[in-house]
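Colleague: I am new to reading protein models and would like to learn how to do it. Could we go through one together, feature by feature?

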Amino acid sequence: MLESVDLSLSIDKPQYKKELKETQLKLLQLQRPIYDQKLGAVIVFEGWDASGKGGAIKRITSGLDPRGFEVHAIGAPSTNEKRHHYLKRFWNKLPPYGKIAIFDRSWYGRVLVERVEHFASGQEWNRAYDEINQFEQLLSQDRYVVIKIWMHISKDEQLRRFQERQSDPLKKWKITDEDWRNRSKWDIYEEAVEDMFHYTSPPECQWHIVEGENKHFARVKTNRIIIQAIEKRLQHVPSHPNP
């Protein structure tokens, strides 16, 4: 699937500013019906290191009412979290009805980094595809919209961004030895990503691949994906017994 992604897609700066402003305003306007109809929005970001997840999240949230959303930056599970099923820590971070939760990395770590780095056994990560589908199905059949975004860039573009971060004192903190180790396993990760798309893309919770080589294009497309998904879900929110 990734081989067919057109990474040449771009947008010029004047058009970017115009469309970014339009989409940010629309996202702000959607916060009210999300609240009124008691819809929970779960936005999941996965992607290559340095693919632009943080920048996209910043452009989503910068125009929103801060009372209506929360961003969760997901790292390795704590010692205590490892004592429970891996999905428990994500259940605890789901937004209440009427609000938005954005996950910078997510439960897909089980079939990505935990698979590649052997933090989970083959039996565990193979079983996780069904577990994740059931988890997301429970949400989508309730009062949630689940929006899953993969930020995609080429291996060459990732190297360029890594080198840029390495040479910029203000960005150097963003690049770690772990990033370079992950890059050395690009092909193995790519296989895991393709399996993730194949096994966890039901119609109600499909993956959206965002062409991230041009950051401006990626940010606008991301906003539009979210807007479209929320508008569609709002049309089918069941009536609430206690409005």
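Modeller: Helix 5 has 20 residues and spans 29 Å from its first C-alpha to its last, close to the 28 Å expected at 1.5 Å a residue, the expected span being 1.5 Å times one less than the number of residues. Helices (H or I, at least four residues) and strands (E, at least two) are DSSP runs, numbered from the N terminus. This is a predicted model, in which local features need pLDDT of at least 70 and side-chain atom pairs count only at pLDDT 80 or more, while totals for chains, interfaces and linings use all residues. Residues are numbered from 1 along each chain as its sequence is written, and side-chain values use heavy atoms, leaving out hydrogens and water.

Colleague: Where does helix 5 bend?

Modeller: A bend is the angle between axes fitted to the seven residues ending at a residue and the seven starting there; helix 5 bends by about 35 degrees at Ala128.

Colleague: Which residues of helix 5 are buried?

Modeller: Buried means under 20% relative accessible area, with a 1.4 Å probe and protein chains only; in helix 5 the buried residues include Trp125, Ala128, Tyr129, Ile132 and Glu136. Helix 3 (88-91), strand 4 and helix 8 are among the elements that cover the buried residues of helix 5.

Colleague: With what is Tyr108 in contact, leaving aside its neighbours within four places in sequence?

Modeller: Contact means heavy atoms within 4.5 Å, and for Tyr108 the partners beyond those neighbours include Ile132 and Glu136, as well as Val44, Met196 and Trp207.

Colleague: Is Asp49 buried or exposed?

Modeller: Asp49, in the loop between strand 1 and helix 2 (53-61), is buried, because its relative accessible area is 15%.

Conventions:
Buried < 20%, exposed > 50% of the residue type's maximum accessible area, 1.4 Å probe, protein only.
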